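Here is a short walk through one protein model. Keep the sequence and the 3D view side by side as you read.

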Amino acid sequence: MVFVRAQKSKAYFKRFQVKFKRRREGKTDYRARIRLINQDKNKYNTPKYRFVVRFTNKDIVAQIVSARIVGDVVLAAAYAHELPRYGLEVGLTNYAAAYCTGLLLARRVLKMLEMDDQYEGNVEATGEDFSVEPAESRRPFRAFLDVGLIRTTTGNRVFGALKGALDGGLDIPHSEKRFAGFSKDSKQLDAEVHRKYIYSGHVASYMRSLAEDEPEKYQSHFSEYIKRGVEADDVEEMYKKVHAAIRADPSAKKSEKGPPKEHKRYNLKKLTYEERKAKLIERLNALNSAAGGDEDDEDDD
């Protein structure tokens, strides 16, 4: 049998439908998204909130988002670059920083909704799994974890942010299987290991081992810690103070930006209709006055 090459006909290309833009860019998993934003019809226009966590090279973004036809609407947001205000100036992208960012967002959104007194959450992080209990007056604020495109491996930083939000008082459906310290063999969460990650104990132990074995590497890897006088023994106490500071005042602070610089303009500014009209009247008046002066000179001659 002769091999025949399959040709894509004109009909194929006429009917070809491109995928959504964010799918083409590899930014959105629409299969996961549609399951997160679908709302029951008997709930009408009630928003379905998502606890969105995203990581960049230097920052952590946590948001409470609801979907509408016109686009997603952000109810509240918290960022890791806000943590220096609470006393955490180094290690802004690790598991412990993710916990702080989740805690900050939880306390901020509950304060916004005037529910922070009813739902204080887990005040002291022990590493054990925690779920908020409904109060008598208002139900807890519920959101669903949106991890985006990351691989949900055990101990991933996104679950650090989830743990922070849970301890902050949010109601997020979850399982303890993905927290740092969960053993696949025993099928149980080791609370001590998880607590160690929440207070950045894994970083502190690495600092100690590196300082003993490779002092030069320690000087380069932890230069910011050294510059600010943060030692391995001070890390846990530092995070305890950060958690307390977040609970004391989780409100967002507006950035203080100076006035924008005035750039040199190389072309003329576009005039409005009223300005053009006034300019034309001024020119006509000038021409009329000049013409009237010439007539007076001729009469004198």
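**A pocket, then the rings**

The largest pocket has a volume of about 600 Å³. This is a predicted model. The pocket is lined by 16 residues, and the closest to its centre are Thr-46, Pro-47, Arg-139, Pro-140 and Arg-142. Sort the lining by class: eight residues are nonpolar, six are charged and two are polar.

Now turn to the aromatic rings. The model has eight aromatic pairs. Take Tyr-49 and Phe-141, whose ring centres are 5.0 Å apart. Where do the two partners lie? Tyr-49 is in strand β1 (residues 49-55), and Phe-141 is in the loop between α4 (95-112) and β4 (144-146). The pair therefore ties together parts that are 92 residues apart in sequence. Is Phe-141 buried or exposed? Phe-141 has a relative accessible area of 8%, which is under 20%, so this residue is buried.

A second tilted pair joins Tyr-218 and Phe-222. Here the rings are 5.6 Å apart, centre to centre, with 35 degrees between the planes. Tyr-218 counts as buried, at 14% relative accessibility. Phe-222 is buried too, at 6%. Both residues belong to a cluster: ring pairs link Tyr-206, Tyr-218, Phe-222 and Tyr-225.

Lys-48 lies over the face of Phe-144, 5.3 Å from the ring centre. At Tyr-199, the charged end of Lys-240 sits over the ring, 6.0 Å from its centre.

Methods. Residues are numbered from 1 along each chain as its sequence is written. This is a predicted model: local features need pLDDT of at least 70, side-chain atom pairs count only at pLDDT 80 or more; totals for chains, interfaces and linings use all residues. Side-chain values use heavy atoms; hydrogens and water are left out. On a 1 Å grid over the protein atoms alone, a cavity is a set of points where a 1.4 Å probe fits but cannot get out, and a pocket is an open set with protein on both sides within 12 Å along at least five of seven lines; lining residues have an atom within 4 Å of a point. Grid points are joined across faces, edges and corners, and a volume is the space filled by probe spheres set on the points. Ala, Val, Leu, Ile, Met, Phe, Trp, Tyr, Cys and Pro count as nonpolar, Asp, Glu, Lys and Arg as charged, and the others, Gly among them, as polar. Rings of Phe, Tyr and Trp (its six-membered ring) pair if their centres lie within 6.5 Å; planes under 30 degrees apart count as stacked, over 60 as edge-to-face and the rest as tilted. Helices (H or I, at least four residues) and strands (E, at least two) are DSSP runs, numbered from the N terminus. Buried means under 20% relative accessible area, exposed over 50%, partly exposed in between (1.4 Å probe, protein chains only). A charge sits over a ring if NZ of Lys or CZ of Arg is within 6 Å of the ring centre and within 35 degrees of the ring normal.
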